[in-house]
Amino acid sequence: MKIIYKEMFPEKSENTKIKKQITQKAKDIGFDLVGFTNADPFPRDEKAATNRIDLGFMDGLPWYTKERVKKANNPKLLMENCESIISLGISYFTPTPEKSKNVLTGKISKYALGVDYHKVIKKKLKLLVKFLSEIHSEKKISTRIFVDDGPMNDRAAAERAGLGWFGKNTNILTPSHGSWIFLAQILTNIKLEPDTLLKKTCGSCKICIDDCPTNAIVAPYVIDNTKCISFLTIELKGVIPVKLRPLIGTWIFGCDICQDVCPVNRKIQPSKTSEFQPRKDFLTPALLPFLDLNEDSFNKIFDNHPIKRTKLIGLKRNVCVALGNIKDTDAIEKLTKTLLESDPIVKQHAAWAIGQIGGDKANQNLHNALEVENNTDVIEEIKSAIIQTKMIH
Ligand code: B12
């Protein structure tokens, strides 16, 4: 259906009609949630994000600069003639098994179990933009799309467009899909009536704050990124601080704890997007085979998949930490091979893991590795791990 609108600023009744059409089309394309907001700045969020940088809570994300924060919270800096934001949400929730019989398995956060969401959502955004230009074929419309790939504050836009409310874990919680939604935005010069805020909050609930193993939620709505397991396993490129390693458990990519424990997430609809259905081998992934991967096999397995972001070194590092936390002697042999043959960062975590498992074999293998190791950081880790093995029998 091709409807021609004469103005970029339609009358109220027409506006409601256009919004309905956009909403319907977005849902047909596969979005679960659609809301509208204006192009006003997000002053509360800009201030909060700037403070977060000053406090060092965004350390380790060098691209997260004050300049970016300014743009992210001022839509007109992202698109000069922006009048409205179409805010979209799409569920990625799929029920996953609690535990595997195999002890040597890890956990991947739900958002990364399927195909890379950037590509999936971008395709859908382009279809919606095409629709916008069809219904406004008389005028040239401007749009700019975002799906976690640029300086846009997705959560602030989603909140103001009425998609959901800010949870204390900083995730946007929605009544129908909980927090298991990806957010995306279309900035446009079409003036659309803004929707209203959802008048909901988490009330007195603070389960997510209490249950975060690293205490990364330092206050309601404030994450210390440097402690967040998601940051440590995905974005951090170097060595994971020794103190935090035991708290990571078996997460090898991302973390869902603050979402898993959230009561709002209990009874919600599963995702209907086929691309977000979990790859079976990622549900309870066997850890040891990951230590055998090389660049080629890594790229093959994770092509078109969010895990690619952590790169081969990051994945192996995380796998070592998970094995160190499982403490099963069956992992010693493969960890020792890793300690002898890998990149220094991986070696450091392999040494730590062997130390955590402990026992005579672990001790002996660490001593052997110490004799051939040249890298001073790895040598230090091996020495600490040797001390650790003596404490565990
Ligand atoms: C940087 C980033 C991260 C970092 C930092 C996270 C963080 N909380 O800052 C790391 C790598 C740790 C991360 C982790 C995750 N991320 Co992330 N991430 C982003 C990114 C790129 C920017 C977020 C940002 O600006 N953070 C800066 C801080 C300052 O903002 P904030 O924490 O949201 O805090 C806001 C509130 O405090 C609010 N505020 C301030 N004062 C007050 C007071 C009150 C009363 C209220 C209500 C609010 C409020 O203002 C702040 C700014 O908006 C966005 C994409 C985007 N372009 O927006 C995705 C995004 C936020 N991430 C997303 C996801 C899915 C995740 C993970 C769930 C992935 C995983 N399973 O591992 C975790 C969740 C961890 C968590 N609890 O936040 C989704 C979240 C969807 C949702 N439902 O909210 C986004 C929106 C990507 C997307 N487009 O879908 N992420």
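Helices here are DSSP runs of H or I with at least four residues, numbered from the N terminus. By that rule, I257 lies in helix α9, which covers residues 257–260. The model is a predicted one.

A residue is buried if 20 or more other C-beta atoms lie within 10 Å of its own. I257 counts as buried because it has 20 C-beta neighbours inside 10 Å. Apart from neighbours within four places in sequence, the contacts of I257 are D211, C212 and P213. One of these, C212, is 45 residues away from I257 in sequence, yet the two C-alpha atoms are 6.6 Å apart in space.

The next step is the domain layout. The domain assignment of the protein gives domain 1, made of 12–94 and 111–188, and domain 2, made of 291–393. Their centres, taken over C-alpha atoms, are separated by 40 Å. The two domains do touch: five residues of domain 1 are in contact with four residues of domain 2. On the domain 1 side of this contact, three residues are nonpolar, two are charged and none is polar.

An open sheet of four strands comes next, with the order β1-β2-β7-β4 and antiparallel pairing. Its edge strands, each pairing on one side only, are β1 (33–38) and β4 (143–146). On average, and with direction ignored, neighbouring strands of this sheet are turned by 20 degrees against each other. Helix α1, residues 12–29, packs on the sheet and touches β1 and β2, and its direction makes about 140 degrees with that of β1. Another helix, α5 (residues 117–135), lies across β2, β4 and β7 and runs at about 35 degrees to β7.

The strand pairs can be followed one by one. Between β1 and β2 there are six bridges in the antiparallel sense, and N38 stands opposite S84 in β2. Although β1 is an edge strand, five of its six residues are buried, so that the strand is mostly covered. Strand β2 (residues 84–91) pairs with strand β7 (residues 181–188) over eight bridges, also in the antiparallel sense. Here L88 stands opposite A184 in β7. In a regular strand, side chains alternate between the two faces of the sheet.

Which residues come nearest to the ligand? Of the 38 residues around the ligand, these are D45, A48, D148, S230 and G254. The elements that give two or more residues to this shell are α2 (43–54), α6 (154–160), β7, β9 (222–223) and α8 (229–235). The most comes from α2, with five residues. By class, the shell holds 21 nonpolar, nine polar and eight charged residues.

Two residues further along the chain have a backbone feature to look at. Most residues other than glycine have a negative phi. N304, which is not a glycine, has a positive phi of about 65 degrees. It is found in the loop between α11 (295–302) and α12 (311–326). N304 is exposed because 12 other C-beta atoms lie within 10 Å, and 12 or fewer is the limit for that class. K311 is not a glycine either, and its phi is positive at about 65 degrees. K311 is found in helix α12. With 15 other C-beta atoms within 10 Å, K311 is partly exposed.

Notes: Residues numbered from 1 in each chain as written. Predicted model: local features only at pLDDT ≥ 70, side-chain atom pairs only at ≥ 80, totals over all residues. Domains from an automatic or database assignment. Contact = placed C-beta atoms within 7 Å. Nonpolar A, V, L, I, M, F, W, Y, C, P; charged D, E, K, R; others polar. Pairing = 2+ DSSP bridges. Axes fitted to C-alpha atoms, helices over the stretch in contact; angles between N-to-C directions. Near = placed C-beta within 6 Å.
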